[in-house]
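Let's take a walk through this one, starting with the aromatic rings and ending at the pocket. Keep the viewer open as you read.

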Amino acid sequence: MAHILIIYSTTDGHTKKICQTIQSVIEQSCHEAKLVSIDNESTMSPGLFDKIVIGASIRYGKHNKKIYDFIGLNKAVLQNKPAAFFTVNLVARKPDKNQPENNPYMQKFLQKIPWQPDELAVFAGKIDYQKYHFFDRFMIRLIMYLTNGPTDPKTVADFTDWEQVENFARVICEMRKSA
Ligand SMILES: Cc1cc2nc3c(=O)[nH]c(=O)nc-3n(C[C@H](O)[C@H](O)[C@H](O)COP(=O)(O)O)c2cc1C
């Protein structure tokens, strides 16, 4: 049985929900998965786990700086254990931007970090306009207008392919250190 640490960065809870699904699939495969927010980073000891998964959403073009800090601090652990990264964003709702190779946020991220994850995934995120403050709602609606997405302010749209999430969890169960 492997002990797997899942670290997430979320603003509106969607990345956490994706991590909970991954956790549930992992636990059905007789492994143990612990979920920790990057905000509680000081309470985790990544070196004690067999595998590590990091998931982070995009907000105004960026992943949370704490994710970069965590990777910088734990570079040696991440390089030595099987470890994966996934990003969550709305650009990934487009079929030509939903793979690690063609998602611009994933590509930018990989160029910035001193670590090569063994597995990668890109998940499309969620829109829930009524949850956002005025400025964020305005900005996301504008971006959606410019990119042919939903603009109705009542929209709640979950673009995540949950089967893809479950498949990724199964990949994590089998994940080995890349040669
Ligand atoms: C204020 C705000 C800014 C966002 N900026 C971007 C962005 O620049 N690019 C993008 O693809 N998605 C963007 N998104 C979409 C989020 O990545 C998506 O809603 C995701 O599901 C959020 O996950 P979370 O709840 O875990 O933070 C933004 C969402 C919000 C609310």
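Rings of Phe, Tyr and Trp (its six-membered ring) count as a pair here if their centres lie within 6.5 Å. Bear in mind that this is a predicted model. By that rule you get seven aromatic pairs.

Phenylalanine 85 sits in strand β4 and phenylalanine 109 in helix α4 (residues 104-112), so the pair ties together parts that are 24 residues apart in sequence. Phenylalanine 85 is buried, at a relative accessible area of 0%, and phenylalanine 109 is buried too, also at 0%.

Now widen the view a bit. Ring pairs bring Tyr68 into a cluster with Phe85 and Phe109. Tyrosine 68 also has lysine 112 over its face, 4.6 Å from the ring centre.

The largest pocket has a volume of about 710 Å³. It is lined by 31 residues, and the closest to its centre are Ile58, Leu90, Lys126, Tyr132 and Ile140. Which elements give two or more residues to this lining? They are α1 (14-28), β4 (83-89), β6 (126-128) and α5 (134-146), and α5 gives the most, with four residues. Strand β4 turns up in both parts of the tour: it holds phenylalanine 85, and it contributes to the lining of the largest pocket.

Key:
Residues numbered from 1 in each chain as written. Predicted model: local features only at pLDDT ≥ 70, side-chain atom pairs only at ≥ 80, totals over all residues. Heavy atoms only, no water. 1 Å grid on protein atoms, 1.4 Å probe; cavity = no way out; pocket = protein on both sides within 12 Å on 5 of 7 lines; lining within 4 Å. Points joined across faces, edges and corners; volume = space filled by probe spheres on them. Phe/Tyr/Trp six-rings, centres within 6.5 Å; stacked < 30°, edge-to-face > 60°. Buried < 20%, exposed > 50% of the residue type's maximum accessible area, 1.4 Å probe, protein only. Lys NZ or Arg CZ within 6 Å of the ring centre and 35° of its normal.
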